[in-house]
Amino acid sequence: MPFVHTGEIRMHYEISGEGRETILFVHGNLASGRWWEKVIAFLPPHRYHTVAPDLRGCGQSDKPETGYTVTEMAGDLRAFAEALHLARFHLVGHSLGGAIALLTCLENPRPVKTLTLVDPVPADGLELPEELFPLMQEMRRNRDVMREGLHSFLPSAPTDGYFEQLVDDCLQCHAACFSDLPRGLAALDFSDRLGELTVPTLIVWGEQDPVIPLNALKRMQERMAHSRLEIFPGVGHAPPVEQPEVFSRLLMRFVENASPDR
Amino acid sequence: MPWINANDVRLYYELHGAKESLGHPGESLGSMGIPLLLIAGLGFGAWSWFRQIPVFSHTFTTIAFDNRGVGQSDQPDSPYTIRMMAEDAAALLRGLGIERAHVLGHSMGGYIAQELALHHPELVVGLVLVSTSFGGKNAVLMSPETATQMRAELEAEGAEAVLRKGLSLRLSDSFIAERPDIVDQFLALRSTHLPTRIAWERQFAACLGFETESRLAALQAPTLILTGDDDPIVPAENSRLLAERIPDAQLVLFPGARHLVFIERAEEFNRTVIKFLNALNRNRPPL
């Protein structure tokens, strides 16, 4: 359970494996590094070195009152990667973490070997339905509503002890994660910069994702030179939680094919 | 990003450890256990400790930083001295609210650590000197061939082939053959953190002016001296001489290892350092 002080905040992270390929996992909103636990369990430790931080306001990382924007959280991620001396890594981001990973890669592509965006917040923003916001406030107050809400996002995930931990993680997130942060996603737009990307990119989408529209991901994929889009049938917003074994196989294949120096 | 203004320069630093021991950002770190400060060698920076930080940070609040002239710290184009860089390190510790620390320095970082311990004995609890010397006329120099090769690396401005060639000065042939993964990681970090020519010259000039031999008898901190016994850059004889001159010193040689002993023999190195520093914590009642 190590921590690193990135200057502005203390970030908690988990590392595992001693392999040659480093994979940096970035979780989404109302989540934590735990969301990658099941995927990491399927990655052979002699081949991969995995790093999964808790973002600002989430998990065991600090929860300051400000800084809940994609831009500032991408700054956190960059400081984190620098402080852990991650020279070259595969970057994997889910949902909000996808937008953070994408922006991090646009700002400093050099260390990024491959980019995997899982049901990402699209590069041209995400306007959430207005009725979602009062519901999110209700989720904060009522664990049962939170559990129901999370289950509707991850319809194929087993509601076991692990799922209950994810519910607890949601409830521990900073208040901004339920309001200002998701609201701010509507104004996000760095789609005109997608042409700059040269890093091999895999976009993944769960067919039953209720929040990320497929068309927006298709628009992104068309603008990214070395990208492809893969759809998970029967899966909701989080293939890494709902189908960890299938997702980890796909990720390994993508990472290995993009690392010809092996 | 973590920067602190210390001794008139802005230094990039990192804090690694348990959450409780890191304090709240911007707060004094005075209340934690004795932290460990890592001081990098000529042209290297905080990144060079990539095989130490994941281990040390479980035992100590670990501070790594870029010396003036490299990485994300300021690179003033004016003369540097080792004494000045020791004052940078002291100001960094004080700026973080740290009154006592263990200090580990590699090569030029070992020079800085010696000056820090000599001028601020109250600050340094345990001293670890790695692949270093006391400088001056009695230090054992590298061969002219080694000096030429190091110069060539700088001229090549990070060309991977040249960096790869220079590996044999720093890591043993067997390590290079057996651990290509770590070698690649090292080269990737090094090529993305190469010092500028100007700053390298400034740090190099500071090394030429360094000498502590006549003052070592005054060193109060218990000292652990570590070196590879096949180091072409700072020959191991320097460590033997240091161990003779420093009053409370232990010497540990790593057979076959070269200049970056902490990278190629990381497991043994880390274990040796932790054991030494933990024994100091036990033997001394907290003040």
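This is a predicted model: local features need pLDDT of at least 70, side-chain atom pairs count only at pLDDT 80 or more; totals for chains, interfaces and linings use all residues.
Residues are numbered from 1 along each chain as its sequence is written, chains are lettered from A in the order in which they are written, and side-chain values use heavy atoms, without hydrogens and water.

Two cavities of 30 Å³ or more were found in a search of the whole structure. A cavity is a set of points, on a 1 Å grid over the protein atoms alone, where a 1.4 Å probe fits but cannot get out; lining residues have an atom within 4 Å of a point. Grid points are joined across faces, edges and corners, and the volume is the space filled by probe spheres set on the points. The largest cavity has a volume of about 60 Å³. Its lining comprises 13 residues, with G45(B), W47(B), D66(B), G71(B) and H193(B) nearest the centre. By class, this lining contains five nonpolar, five polar and three charged residues, where Ala, Val, Leu, Ile, Met, Phe, Trp, Tyr, Cys and Pro count as nonpolar, Asp, Glu, Lys and Arg as charged, and the others, Gly among them, as polar.

The second largest cavity, of about 30 Å³, is lined by K38(A), A157(A), P158(A), D160(A), Y162(A), F163(A), L166(A) and V241(A). Helix α6 (residues 161-171) of chain A gives the largest share of this lining, three residues; helices (H or I, at least four residues) and strands (E, at least two) are DSSP runs numbered from the N terminus. Six of the lining residues are nonpolar, none is polar and two are charged.

Over all chains, 12 aromatic pairs were found. Rings of Phe, Tyr and Trp (its six-membered ring) pair if their centres lie within 6.5 Å, and planes under 30 degrees apart count as stacked, over 60 as edge-to-face and the rest as tilted. F232(A) and F247(A) form a tilted pair, 6.4 Å centre to centre with 45° between the planes. This pair links strand β8 (residues 227-232) of chain A, which holds F232(A), to helix α10 (residues 244-257) of chain A, which holds F247(A), 15 residues apart. F232(A) is buried at a relative accessible area of 6%, and F247(A) is buried at 1% (buried, under 20%; exposed, over 50%; partly exposed in between; 1.4 Å probe, protein chains only).

In chain B, Y111(B) and F210(B) are stacked, at 4.0 Å centre to centre and 10° between the planes. Y111(B) lies in helix α3 (residues 108-119) and F210(B) in the loop between α9 (197-208) and β7 (223-228), so the pair ties together parts 99 residues apart in sequence. Both Y111(B) and F210(B) are buried. One aromatic cluster is formed by W49(B), F254(B), F262(B) and F269(B).

N270(B) is located in helix α12 (residues 266-283) of chain B and is buried, with a relative accessible area of 3%. Its side chain makes a polar contact of 2.9 Å with that of Q52(B); a polar contact is a pair of N or O atoms within 3.5 Å, and within protein one must be able to donate a hydrogen and the other to accept it, with residues adjacent in sequence counted only if both atoms are side-chain atoms.

Technical notes:
On a 1 Å grid over the protein atoms alone, a cavity is a set of points where a 1.4 Å probe fits but cannot get out, and a pocket is an open set with protein on both sides within 12 Å along at least five of seven lines; lining residues have an atom within 4 Å of a point.
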